[in-house]
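Subject: Handover of a structure for your attention

Dear colleague,

Please find below the structure that I am handing over to you.

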Amino acid sequence: TIQTMELSGTEWKEGRKYTRNLVDSGNGKFNLMILCWGEGHGSSIHDHTDSHCFMKILQGNLKETLFEWPEKKMNGEMTKKSERVLRENQCAYINDSIGLHRVENISHTETAVSLHLYSPPFDTCNTFDQRTGHKHKVTMTFYSQFGERTVCVSTG
Amino acid sequence: MELELESEPEPEAELAAELSARRSAEARRLVLSPRRLLGPLPAGLSQWFRAGGGTSGTGLAEMGTELLSLPCLHTLLAKNNRLGGPGSLPKGLGQAPLARSLRVLNLSGNRFAEVPPALLRLRGLRSLSLGGNRLHGIPPDIQELHSLEFLYLGGNFITAIPPELAKLPSLRYLVLCDNKIQSIPPQLAQLDSLRSLSLHNNLLTYLPREILNLVHLEELSLRGNPLVVRFVRDLTYNPPSLQELAGRTVKTRNVPYAPSDLPESLVRYLSLASNCPNPKCGGVYFDSCVRQIKFVDFCGKYRLPLMHYLCSPECSSPFSSASQSSTSQSESDSEDEASVAAHRMQKVLLG
């Protein structure tokens, strides 16, 4: 069991933050992190770099939309496979063979918090443009690590 | 001092006791989201607010005049209630101490069909949320909230954005997602402090090219808009009127004129000249122009359709290195000033 980690509250509650907060790096075998979603905030469509990804909703609701991998040519709107709303305490799992997904907090009144486990850990992934399937590699950063705010390093 | 009445499903008695123990004229923060109140609002509370409707306590319909006596209230959170009808906000709000002290107001998840005019008197407001209401528009007088840094209007029925919104000098976060917005006024590029602009799930087909001027923008969400991916050139072109042609000549040849030389209406007309964005042209236009969409690479990730207006079909976009013939339909990639401007954006959440 993981001890409750207190995230610096006011800053992200009243602003609009999408923050990734690393809780445990499992001796290099996994990354465990808490994501905080402001109202209306969502992620890009992304893959999971050949890793297993578990997600549990700790607070609020998150909508998960699954997409097919785009064709090699990347020439048209990406195909939606399914969508669902995950409620508090629900879990979800995804890996690259299942597909790609977008996760969003669609509430305009409530923030959401989710717990993510990635094994093995990864810090780059691809994001996809829904209109064209065009992909773009990104590096993910942490807003905080082990309860300490991460000093911002510009990655360009 | 902070007075919080969170929406915990507490028994009525406890809530009333907490209220009388903590109520103070120095209250700075009042959180009232009684979605989960199980019984009628306790007597102590009703001295502060009048609840509309029955005794089930399902949500406030009006905020009472007791709010006006709080001398230094800083934060008021009243989301997920039934506010929105006339009288939701107490009369005299503009003259109350609240009008100067309030910094944060959250009215999300209510039933406001318009931004209540009284709200615009809260001149010290830094953060306003009206997400998840029933707004059809944004009043131009929103510019009166000149301290506003955070404005959340997502999840309404807004169809257009008034250019006056751009007059908010401190605005950093602007959320307009999940509305019915069809176009963005180019004046929005004047929001010099803007860090985050949320436009996803609207009805945008293109953006004004001026959006590249938002040099401090770090986040931009555009998914779920019918942005054109291919531009079909608009072949209709209304030739300019004689007045327009004369106006163009006056402007481009710098023909001197004084207000006494011309009727007031023509002086005003001449002041409305827009510059043709083609740097090789240097011309102006008034009402007669050609719309053209150019696709600009955004941070090397996406091609965004940016709309700009040229003075004639023969003019070419500044985004292409060579002038194009009027029959050409090529979509040029980012060049010169466009790509430089686009690279300033650090993170684009087109997703």
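The notes below cover the basis of the values, an annotated site, a strand, a pair of rings, the cysteines and one asparagine.

This is a predicted model, in which local features need pLDDT of at least 70 and side-chain atom pairs count only at pLDDT 80 or more, while totals for chains, interfaces and linings use all residues. Residues are numbered from 1 along each chain as its sequence is written, chains are lettered from A and ligands numbered from 1 in the order in which they are written, and side-chain values use heavy atoms, with hydrogens and water left out.

The annotated site

An unreviewed UniProt entry gives the annotation "binding site" to A:His46, A:His48 and A:His101; UniProt positions follow the numbering used here, feature names are shortened, and annotations may be inferred rather than shown by experiment. These residues span 56 residues in sequence, yet no two of their C-alpha atoms are more than 9.3 Å apart, so they gather at one spot.

A:His46 belongs to strand S3 (residues 45–46) of chain A; helices (H or I, at least four residues) and strands (E, at least two) are DSSP runs, numbered from the N terminus. With a relative accessible area of 14%, A:His46 is buried (buried means under 20% relative accessible area, exposed over 50%, partly exposed in between, with a 1.4 Å probe and protein chains only). A:His48 sits in the loop between S3 and S4 of chain A and is buried as well, at 1%. The side chains of A:His46 and A:His48 are joined by a polar contact of 3.4 Å (a pair of N or O atoms within 3.5 Å; within protein, one must be able to donate a hydrogen and the other to accept it, and residues adjacent in sequence count only if both atoms are side-chain atoms). Contact means heavy atoms within 4.5 Å. Not counting residues up to four places away in sequence, A:His48 touches residues including A:Cys53, A:His101 and A:Tyr118.

Strand S9 of chain A

Six of the eight residues of strand S9 (residues 112–119) of chain A are buried, so this strand is largely enclosed by the rest of the structure. Strand S2 (residues 31–37) of chain A runs antiparallel to S9(A), joined by seven bridges (two strands pair if DSSP finds at least two bridges between them). A:Asn31 is opposite A:Tyr118 of S9(A). Strand S4 (residues 52–59) of chain A also pairs with S9(A) in the antiparallel sense, over seven bridges, and A:Phe54 has A:Leu117 as its bridge partner.

Aromatic rings

Over all chains there are four aromatic pairs (rings of Phe, Tyr and Trp, the latter by its six-membered ring, with centres within 6.5 Å; planes under 30 degrees apart count as stacked, over 60 as edge-to-face and the rest as tilted). One of them joins A:Trp69 and A:Phe128, whose ring centres are 5.7 Å apart with planes at 90°, so the pair is edge-to-face. A:Trp69 is partly exposed, at 37%, whereas A:Phe128 is buried, at 1%.

Cysteines

Zero disulfides occur over all chains (a disulfide is a pair of cysteine sulfur atoms within 2.5 Å). For A:Cys91, the closest cysteine sulfur is that of A:Cys53, 13 Å away, too far for a bond.

An asparagine of chain B

B:Asn156 is buried, with a relative accessible area of 3%. A polar atom of the B:Asn156 side chain lies 3.1 Å from the backbone nitrogen of B:Arg134.

With kind regards
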